[in-house]
Amino acid sequence: MGKQRVTGRGSRLLDRVLAGVPEGESPLTHVAELPERDAGTADWPEWAPDPVVSAFRSVGVTRPWQHQVAAASRAWSGQHVILATGTASGKSLAYQLPVLSRLTSERRATALYLAPTKALGVDQLAAVTRLGVEGVRPAVFDGDTPSAERDWVRAHSRWVFTNPDMLHRGILPAHSRWATFFRRLAFVVVDECHAYRGVFGSHVALLLRRLRRVARGYGASPVFVLASATVSDPATSAGRLTGLECAAVTEDASPRGARTVALWEPPLLDELAGEQGAPVRRSAGAEAARILADLVVEGARTLAFVRSRRGAELTALGARRVLAEVDGGLARRVAAYRAGFLPEERRALERSLASGELLGVATTNALELGVDICGLDAVVVAGYPGTLASFWQQAGRAGRDGDGALVVFVARDDPLDTYLVHHPDAVLNRPVEATVLDPANPYVLGPHLACAAAELPLTPRCLALFGEAEARAVLDDLVADGVVRQRATGWYWVARERPHASVSIRGSGAEQVCVVEADTGRLLGTVDPGAACWQVHPGAVYLHQGSSYVVDALDLTDGLALVHAEDPEWSTSPRDVVDISVVRTLTKQKHPGGVSACLGEVEVTSQVVGYLRRLPSGEVLDHVPLDLPERSLRTRAVWYTVSDELLHGSAPGGAGLDPARVPGALHAAEHAAIGLLPLFATCDRWDIGGVSTALHEDTGEATVFVHDGHPGGAGFADRGFAALVPWLVATREAIASCDCPAGCPSCVQSPKCGNGNEPLDKAGAVAVLDAVLGVIREDGGVQHGRVLDQATGERCALTSG
Ligand SMILES: [Zn+2]
Ligand SMILES: [Zn+2]
């Protein structure tokens, strides 16, 4: 690592944090200094009416930034546009300006704002209300809006703030009550649109097509304005999400203070052992607590991002414990921030952090936070948040005042985190992943076409909106089911009940399993049926808004999980056994050296057979067996096969593995590949699964499968196939750069392995991946790799290693 000594506040803070670490035991793997950026401002556009410009001036915006004007002017001229810039770059103004200008100059026009979370919608409403532009009457319409108020909003508000859930269940099914609003709809704002990825993204993409169709039914074709964190190829993502051609504005002209970014790998502990006796690292949360405490002692206002709500509370608690020994007053200036807080509590906490009354806050993810928390002295990111877009959004909360700030990324024991702290370029110099979603997935498309038909009859012309061929196939099924009838003019919903209530846009689309507190009968939440055995099996610890429950019983027939309030010291992780069969191979690349790479449809059969109880330190208490039914899933997978000659051959290029080592080598390569796919597709390792076998009956060879975890797939396997070479290179690197002797959670162990992480052969996995990559490269791999690089936005360096 290159240890530079610069005198900025960021590196001074880092020195303080490192002060207690013994010489030679530095957890740092890399330190980078990101320079300051000056502001680029612009004049207010001529089209913006005076009252709107004065409203912005009255809240302190004297001149807008260039990117705000560029995006706003496109939207004003009627072009669909996505603004993809960093945190605190004023994306709100870019849509407020054209929307408020239109609502001011056309006294009847209306606008709709969509946020992925209720909290963000409420924040944005407050910002628009503060501007006080006359005649707009902005209002929230979400699940919390009292029914008396709903009538007022429908009748009078000209700018309605809502979320996809409410649009799906509350607004579109009742569109006739919103007829006036839809007829005059001029703008649709889609905020934080990078949150719409995977299956949720596919749902929202179809929901927006339903919205466009209903608006068109009333004669309106609104302009879409999207705001996103920086993502690669935003125009394509926005196009896939809305189905419309969108211009992209990406040049960020907001000012930014210098930042020191430190990559940090917690040490392996001697005293604890995990599964199969593997070494355990100090947990990222515990490490973050210590760093947070050190920064608070320095008087630095610090935000620590932790992956789970429980983790956030433990981190705050840990920091307070350290501080109590130094100064009881300081301990009281650290808090945890969690979902489930009332809006007032949330804002009070945000205000005290802004004022410096609170110095340290541990929180879960950025979307739950108010947009105005920024300009902090330090940010600690404990565990990679899943996408680079989220990482930079979290990091962007630090440093705006030109004084320099510190960002510390603490790796969790996970192969992706290991890879990132050892490959700083992949964090610092890599374009952010493109958002992956697949609106053509028939499992998602079906329920939305049913909803669409129930909203307004589907004419042949409408079908183009949903993808003509896929939509026709799905409609044939709905006709066969008797819920839709085809007439000369189109398709009509004929079932008595409307489909909306049974379609969950945050899951697979199927009927949900209800999680109910047994004592009180209170409904705590719902779980996707496909995930029920995973998340709410008997004995599972279930978290709801920061409170902990333990599951007593799961009844899959009635779709009911009964729980009671309890907060044990352990967490639970389920274990399953999985079998996979190939239904159809869609694409196959056969390389002469003994490797084939395929993309296709598969049938995955899985059964949760038990769960592990684990302490926060990572220590495993025990394995509890379970008796639950099998589940089968039709989805998409990417797989590669390896010939026996290549596996066993000792000639140059062969893996040289004894047959007894092959299962462990493939299994380890599979686990690490699942861990690294999120580097290329915007998925979580829990969204995908894998199977490896020394001889698969459908391929006739040693095979490693990685499959989508949702019916029909969400585009993740497709992405893995397109990025196969850089993905496998990164997988190999993550395994090779872990300094454990024979495999640990940071490289080849998986937290969800059905086989209890047995057998695993770390060195064997590197040998297999080297052999496979050697064969692919031999077969024109360099050229192949470069093509893939463009497709994935990956740097060429990754494929030439
Ligand atoms: Zn390891
Ligand atoms: Zn496994």
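Biologist: Between which two elements does the loop with Glu192 lie?
Modeller: This is a predicted model, and local features are taken only where pLDDT is at least 70. In it, Glu192 belongs to a loop that joins a strand and a helix, namely β6 (185–190) and α9.

Biologist: Is Glu192 buried or exposed?
Modeller: The cut-off for buried is under 20% relative accessible area. Glu192 has 11% relative accessibility, so Glu192 counts as buried.

Biologist: What is the phi of Glu192?
Modeller: Most residues other than glycine have a negative phi. Glu192 is not a glycine, yet its phi is positive, at about 50 degrees.

Biologist: Where does Arg137 lie, and what is its phi?
Modeller: Arg137 is placed in the loop between α5 (118–131) and β4 (138–140). Its phi is positive too, although Arg137 is a residue other than glycine. The value is near 50 degrees.

Biologist: What span does helix α9 reach from its first C-alpha to its last?
Modeller: Helix α9 covers residues 198–217, which is 20 residues. At 1.5 Å a residue the expected span is 28 Å, and the model comes close to that. The span is 29 Å.

Biologist: How many residues of α9 are buried?
Modeller: The helix has 20 residues and is mostly covered. The buried count is 18.

Biologist: Which residue just after α9 takes a positive phi?
Modeller: The phi there is about 85 degrees. The residue is a glycine, Gly219.

Biologist: How many salt bridges does the structure hold?
Modeller: A pair counts when a side-chain nitrogen of Lys or Arg is within 4 Å of a carboxyl oxygen of Asp or Glu. By that criterion the number is 23.

Biologist: How many residues apart in sequence are the parts tied together by Arg63 and Asp43?
Modeller: The side chains of Arg63 and Asp43 form a salt bridge with an N to O distance of 2.7 Å. Arg63 is in the loop between α2 (50–58) and α3 (66–76), while Asp43 is in the loop between β1 (28–34) and α2, so the bridge ties together parts separated in sequence by 20 residues.

Biologist: How do Arg63 and Asp43 count in terms of accessibility?
Modeller: Arg63, at 39% relative accessibility, is partly exposed. Asp43 has 54%, and its class is exposed.

Biologist: Which residue meets Glu287 in a salt bridge, and how does that partner count in accessibility?
Modeller: Glu287 is buried, at 2% relative accessibility. The N to O distance of its salt bridge is 2.6 Å, and the partner is Arg282. With a relative accessible area of 30%, Arg282 is partly exposed.

Biologist: How many residues apart are Asp718 and Arg636?
Modeller: Their side chains meet in a salt bridge of 2.7 Å, N to O. The pair links distant parts of the chain, with Asp718 in helix α24 (residues 716–722) and Arg636 in strand β27 (residues 631–642), and the separation is 82 residues.

Biologist: Which residues are joined into one network by salt bridges that share partners?
Modeller: The network contains arginine and aspartate residues. Its members are Arg9, Arg301 and Asp377.

Biologist: Which residues gather in a patch of negative charge on the surface?
Modeller: One of them, Glu697, is in the loop between β28 (688–693) and β29 (702–708). Glu697 is exposed, at 75% relative accessible area. The patch is made of Asp579, Glu630, Glu697 and Asp698.

Biologist: How far apart in space are Glu251 and Arg613?
Modeller: Glu251 is in the loop between β8 (247–249) and β9 (259–264). In sequence, Glu251 and Arg613 are 362 residues apart. From C-alpha to C-alpha the distance is 48 Å.

Notes:
Residues numbered from 1 in each chain as written. Chains lettered and ligands numbered in written order. Predicted model: local features only at pLDDT ≥ 70, side-chain atom pairs only at ≥ 80, totals over all residues. Heavy atoms only, no water. Patch = residues over 30% accessible without salt bridge, like charges linked within 9 Å, V, L, I, M, F, W, Y side chains within 5 Å. Areas by Shrake-Rupley, 256 points an atom, 1.4 Å probe, with all protein chains shown as cover. Lys, Arg positive; Asp, Glu negative; His and termini not counted. Charge placed at Lys NZ, Arg CZ, Asp CG, Glu CD. Helix = DSSP H or I, 4+ residues; strand = E, 2+ residues; numbered from the N terminus. Buried < 20%, exposed > 50% of the residue type's maximum accessible area, 1.4 Å probe, protein only. Expected span 1.5 Å × (residues − 1).
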